[in-house]
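User: I would like to go through this model one site at a time. Please keep the answers brief and end each on the value or name I ask for.

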Amino acid sequence: GDYDRAIEALRANIERNKAHPEALGDTYLQLIKTYVFLGNDYKFRPQGREMSNINYRAARELIVDVLEKPELRHLKPEPAAEFPPEMITFFSEVRAQKFGNFRVVRLVPRNAVVMFDGDTLGTFPGDAMPGDTDLPIGTHRVQVRAAGYEDVVEDITISPSSTLERSYEMKKKRTTAW
């Protein structure tokens, strides 16, 4: 019925705009919301539990898909009042299972550039130090660079729903002049 048409239209919009995923955040949120509403609708019907679970599973899979796109990994169902509580819970659960955070707590020299898998890290939310949230779990390469200092390269492992904190104190490059 109406839900099926809405799902078809939203999926077609995502397909049409595949080349610009950053513009699709709202479309993904609406599609996930539709699956959650369907799940909620079936939940209290006689023999509706299985259809409810199928729709909830579709919502969760979409959340995984969307958060795995680097340009959409910070997507959240906000403002919370516009989304069903189940959807907010699903986003939290997926983030807790698939992502962690990385934060530099000390950096010498202070102007060093910290790279995470080849991309310059911005500042950690609410902090002046480099870092990021919603990073995929697993092994990643961190490089720290500053003019006049030896580069620091380290492989780190991001764990689910935790923040890895690191300190970097760089050594000055030795000069050949005596």
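User: In which strand does Asn101 lie?
Analyst: This is a predicted model, where local features need pLDDT of at least 70, side-chain atom pairs count only at pLDDT 80 or more, and totals for chains, interfaces and linings use all residues. Residues are numbered from 1 along each chain as its sequence is written, and side-chain values use heavy atoms, with hydrogens and water left out. Strands here are DSSP runs of at least two residues (E), helices runs of at least four (H or I), numbered from the N terminus. Asn101 belongs to the run of residues 99-108, strand E1.

User: Is Asn101 buried or exposed?
Analyst: Buried means under 20% relative accessible area, exposed over 50%, and partly exposed in between (1.4 Å probe, protein chains only). Asn101 has a relative accessible area of 19%, so the class is buried.

User: Which side chain makes a polar contact with the side chain of Asn101?
Analyst: A polar contact is a pair of N or O atoms within 3.5 Å; within protein, one must be able to donate a hydrogen and the other to accept it, and residues adjacent in sequence count only if both atoms are side-chain atoms. The Asn101 side chain reaches the backbone nitrogen of Asp134 at 3.2 Å. Its side-chain partner, at 3.1 Å, is Thr163.

User: Which backbone oxygen does the side chain of Asn55 reach?
Analyst: Asn55 sits in helix H3 (residues 49-67). Its relative accessibility is 6%, so Asn55 counts as buried. Leaving aside neighbours within four places in sequence, Asn55 is in contact (heavy atoms within 4.5 Å) with Tyr35, Leu38, Gly39 and Tyr42. At 2.8 Å, the side chain reaches the backbone oxygen of Met51.

User: What distance separates the C-alpha atoms of Arg145 and Tyr42?
Analyst: Arg145 is found in strand E5 (residues 138-145). A polar contact of 3.3 Å joins its side chain to that of Asp151. Tyr42 is 103 residues apart from Arg145 along the chain. The C-alpha separation of Arg145 and Tyr42 is 55 Å.

User: How are H2 and H4 oriented to each other?
Analyst: Helix H2 (residues 25-43) and helix H4 (residues 85-98) pack with axes 9 Å apart, at about 120 degrees. Axes are lines fitted to C-alpha atoms, for helices over the stretch in contact; angles run from 0 to 180 degrees between N-to-C directions. Under 35 degrees counts as roughly parallel, over 145 as roughly antiparallel, 65 to 115 as roughly perpendicular and the rest as oblique. The orientation of H2 and H4 is therefore oblique.
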